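Thanks for coming. Please have a look at it first.

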Amino acid sequence: MDASSKKAAIDALNRIMELELAGVVKYTHYALMIYGYQRIPIVSWMKANADESLAHAHKAGELVTLLGGQPSLKIGPLLESERHDLGDILRESLAHEREALTAYYDFLKTVTGKSVHLEEYARDMVMVEELHQDEVNKMLRRPGETAVFKG
């Protein structure tokens, strides 16, 4: 991998790390703001997502150092909508998952044909993020609806 490709990969990984760290904060916040009779399973799901986001951030940071870079100390955007209805929280979560998926696709484009290791990592993470997005999308549908949520 040449120097400019490494720099591009490091920059993309740092963006991923920042988004994943923002995910830790967002999902932790969401878990605290869930109320109602379905609270317990949804809070558990949110906490698991926060833990997974932290693991994803750590992996991206490890790859940054593998490439000789320094992991970012920044965190992605944390916009508080002040809306805590479960539907609002899930729509915010879906937007976050879409942003993360875009970052992983961008990283994949950056490393395609330059590193099998990084390419496989990117493909695995694209698959994981697509599954997360699908899961949230299904949660936003009314029972019995089969059409994809477009919001």
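Are Y27 and Y30 buried or exposed? Y27 is buried, and Y30 is buried too; buried means under 20% relative accessible area, exposed over 50%, and partly exposed in between, with a 1.4 Å probe and protein chains only.

Before going on, a word on the source. This is a predicted model, where local features need pLDDT of at least 70 and side-chain atom pairs count only at pLDDT 80 or more, while totals for chains, interfaces and linings use all residues. Residues are numbered from 1 along each chain as its sequence is written, and side-chain values use heavy atoms, with hydrogens and water left out.

Back to the rings. There are four aromatic pairs in the structure. Rings of Phe, Tyr and Trp (for Trp, the six-membered ring) pair if their centres lie within 6.5 Å; planes under 30 degrees apart count as stacked, over 60 as edge-to-face, and the rest as tilted. Helices here are DSSP runs of H or I with at least four residues, strands are runs of E with at least two, and both are numbered from the N terminus. Ring pairs also join W45 to Y27 and Y30 in a cluster.

The pair of F107 and Y121 is edge-to-face as well, because the ring centres are 5.9 Å apart and the planes stand at 75°. F107 is in helix α3 and Y121 in helix α4, so this pair ties together parts 14 residues apart in sequence. Both F107 and Y121 are buried.

That leads to the cores. A nonpolar core is a set of buried Ala, Val, Leu, Ile, Met, Phe, Trp, Tyr and Cys residues joined through side-chain atoms within 4.5 Å. The largest one has 23 residues, and L13, I16, F107 and Y121 touch the most other members. Two or more residues each come from α1 (3-32), α2 (39-66), α3 (86-111) and α4 (116-139). Helix α1 gives the largest share, seven residues. Apart from this core lies another, of 15 residues, including A31, I34, V43 and L140.

What does F107 contact, leaving aside neighbours within four places in sequence? The partners are A9, A12, L13, I16, L118, Y121 and A122, where contact means heavy atoms within 4.5 Å.
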